[in-house]
Amino acid sequence: MKSRRSRNPTLQQAKIPVQAIRMLRTQTEQMETREKDKGIRELTGTIRTMEGEGKERTFQLSFSSEEPYDRWFGTEILDHSQGCINMERLSTIGVVLYNHKRDDVIGRIDRAWVEGNRGYAEITFDSDDLSEKIYQKVKGGTLKGVSVGYLVDSWEEVMPNKQSADGRFTGPCSIARRWTPYEISIVSVPADPTVGVGRSMYGKAVDEVYETYVRQLQYNKNLLKQEGNQNDKRTDACTSE
């Protein structure tokens, strides 16, 4: 009597090793965590010119708020309470980009702060050709979109109909309790304008490295799905025997 192994050689050859499946699952979970932790939020609001001599190229803008935002994993809220935002990077080496392109630096961030549960920044445009072009469009009111790239260090997960630890938010939602803005961009097409804030996680704003691991994440998911389908076929074959 032939063993079940020999009766299904094609299925046996197609089987992905258990160790590889475990590694794929671990890698997928890690990549999903990184995907959740990295975000981009866009705003449409007033970019205000600054008063005073030598301030002609300097503007004040708002780049973040606590407005809930629907992302792929659910509702996200960026906490703006004291101590929740690490402004060190923006304050020390922060730059202004155009459409989140790392090579298109159009200005510097002079200072960044939180006021009234919103993140604000004072920026100054450079004087090269690209910077001058964007500066003129912002000054003339053609470009009004602002976007921030950020990383989340710590989350609070709030279950449906439950209150957050501080009692300010109702679930379901994921609250970024510790997060770091790392760049501010002037953008041409903000996603969802509200009180100065709109949001977009994907698209051209996401850098090439991020796009690469998103594709790898989908590839891993497809492999896991394939293995699940093969397991179902093996189960059906064994049952029929």
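In which sense, parallel or antiparallel, do strand 3 and strand 8 pair, and over how many bridges? Strand 3 and strand 8 (residues 118-125) pair in the antiparallel sense over seven bridges, where pairing requires that DSSP finds at least two bridges between the strands. Within this pairing, Tyr-120 of strand 8 is the bridge partner of Ser-62.

This is a predicted model, in which local features need pLDDT of at least 70 and side-chain atom pairs count only at pLDDT 80 or more, while totals for chains, interfaces and linings use all residues. Residues are numbered from 1 along each chain as its sequence is written, and side-chain values use heavy atoms, with hydrogens and water left out.

The elements named here are DSSP runs numbered from the N terminus, helices being H or I of at least four residues and strands E of at least two.

| Element | Buried residues |
|---|---|
| Strand 3 (residues 58-65) | eight of its eight residues |
| Helix 5 (residues 129-139) | Ser-131, Ile-134, Tyr-135 and Val-138 |

Buried means under 20% relative accessible area, exposed over 50%, and partly exposed in between, with a 1.4 Å probe and protein chains only. The buried residues of helix 5 are Ser-131, Ile-134, Tyr-135 and Val-138. Seen down the helix axis, these residues fall within an arc of 105°, taken from the directions from the axis to the C-beta atoms, so they line one face of helix 5.

After helix 5 comes Gly-141, whose phi is positive, near 90°.

Val-189 lies in the loop between strand 10 and strand 11 (198-199), and is exposed, with a relative accessible area of 65%.
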